[in-house]
Amino acid sequence: KALEFDEELADAWFNLGHLVESGDSIDVNGTKFTEQELYAEALKHDSEHADAWHSLGVSMEPDTTVVVNGKKFTEEKLYLQSLKHNAENAETWYNLGHTMQQGDLVIINDQEFTDQEVYVEALTHDPEHADAWYNLGYSMEPGDSVFVNDTEYSDQEVYVEAITHDPEHTDAWYNLGGLMEASEIDTVFVNGKDMTLQGVYVKVLKLDDEYSAAWNNLGAIVASDGTVIIGEEEYSKQELLVEALNRDPECEDAWTNLGNAMFGDDRNTVNGEKFSKEECLAKGVELNAKAKAEEGEEEDDDEIVEG
């Protein structure tokens, strides 16, 4: 209602933007405005409106730009503008990190930040931001440590923090398992309990039974004569690997692991088709060759120089 009387109320344009669903529009004084256009209008009347810059960034589709006050902005640039005017919004720091690649640098108020440092800033302002903890872990090299709010965390501890603040963060559980495998760690203390590597992958599958990589990793670590109970079902090593392939028939590791787990006359049914030990191993080799060929094509594309 306020817009009918004073169009220069930036907050009114901003608040109206929050009411419009993505893809919809609303009539203001006889003109249709989309969500993005409402935020841009807010910024036309107050170019220092940090929340409008941030919300405009959130509304963006990948690899698109938007014009604000006659200039084009990418999603990353919108978040940079927001932080220029309010550097204490944890969500803006987190979203900025999402737009960056490993090794990227951004400058905010004359200070340089890596993607890792951007997530640290998010956690400085909201230490319970589970996704920021997760993305910080993802940005780290194996064996690295990082200081957050004057406390040092290993890569493993960073994922534990993500799980502490969101016990159902499936990817954090999965990546924690990967680090345990790589570091040959038997147990880790999470939310008051000692968790084995097997227990970590079982947790992933209890949260998301379509997580094919977790089925494969669990199958890879179970003994050939061992079993695992997930929910109310008991699975052998081979059955775990079949579950992985039923969900992702292009998983090279699962085909190889299944072939290696099988005995001479064993047959396993994957997505309705029976496979022998030799056929499983052959599928693994085939998918490995396919992956290498695709990598080679990408490298060739990188070498093309336009004159």
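Asparagine 135 sits in helix 7, which covers residues 130-139. In this predicted model, asparagine 135 is buried, with a relative accessible area of 11%. Which residues does asparagine 135 touch, leaving aside its neighbours within four places in sequence? The contacts are Tyr94, His98 and Tyr119.

Two of those partners deserve a look of their own. Tyrosine 94 belongs to helix 5 (residues 90-99) and tyrosine 119 to helix 6 (residues 115-125). The structure has twelve aromatic pairs. In the pair made by tyrosine 94 and tyrosine 119, the ring centres are 6.2 Å apart and the planes meet at 50°, so the pair is tilted. Since tyrosine 94 lies in helix 5 and tyrosine 119 in helix 6, the pair ties together parts that are 25 residues apart in sequence. Tyrosine 94 is buried, and tyrosine 119 counts as buried too.

| Residue | Relative accessible area |
|---|---|
| Tyrosine 94 | 9% |
| Tyrosine 119 | 4% |
| Asparagine 135 | 11% |
| Histidine 169 | 8% |

How do helix 5 and helix 6 pack, in angle and axis distance? Their angle is about 160°, and the axes are 8 Å apart. With angles over 145 degrees counted as roughly antiparallel, that makes helix 5 roughly antiparallel to helix 6. Their crossing is left-handed. On the helix 5 side, the contact is made by Ala90, Trp93, Tyr94, Leu96, Gly97 and His98. Facing them from helix 6 are Val118, Tyr119, Glu121, Ala122 and His125. Sorted by class, this contact has seven nonpolar, three polar and one charged residues. Tyr94, His98 and Tyr119 take part in this helix contact, and asparagine 135 of helix 7 is in contact with Tyr94, His98 and Tyr119.

Histidine 169 lies between helix 8 (155-165) and helix 9 (170-183). Buried or exposed? At 8% relative accessibility, histidine 169 counts as buried. Not counting residues up to four places away in sequence, histidine 169 touches Ala130, Asp131 and Tyr134. Take aspartate 131: histidine 169 is 38 residues from it in sequence, yet their C-alpha atoms are 8.3 Å apart in space.

Tyr134 also turns up in an aromatic group. Ring pairs join Tyr134 with Tyr138 and Tyr159 in a cluster, while Tyr134 is also touched by histidine 169.

How values were computed: Residues are numbered from 1 along each chain as its sequence is written. This is a predicted model: local features need pLDDT of at least 70, side-chain atom pairs count only at pLDDT 80 or more; totals for chains, interfaces and linings use all residues. Side-chain values use heavy atoms; hydrogens and water are left out. Rings of Phe, Tyr and Trp (its six-membered ring) pair if their centres lie within 6.5 Å; planes under 30 degrees apart count as stacked, over 60 as edge-to-face and the rest as tilted. Helices (H or I, at least four residues) and strands (E, at least two) are DSSP runs, numbered from the N terminus. Buried means under 20% relative accessible area, exposed over 50%, partly exposed in between (1.4 Å probe, protein chains only). Contact means heavy atoms within 4.5 Å. Axes are lines fitted to C-alpha atoms, for helices over the stretch in contact, and angles run from 0 to 180 degrees between N-to-C directions. Angles under 35 degrees count as roughly parallel, over 145 as roughly antiparallel, 65 to 115 as roughly perpendicular and the rest as oblique. A crossing is left-handed if the near helix is turned anticlockwise from the far one by less than a right angle, and right-handed if clockwise. Ala, Val, Leu, Ile, Met, Phe, Trp, Tyr, Cys and Pro count as nonpolar, Asp, Glu, Lys and Arg as charged, and the others, Gly among them, as polar.
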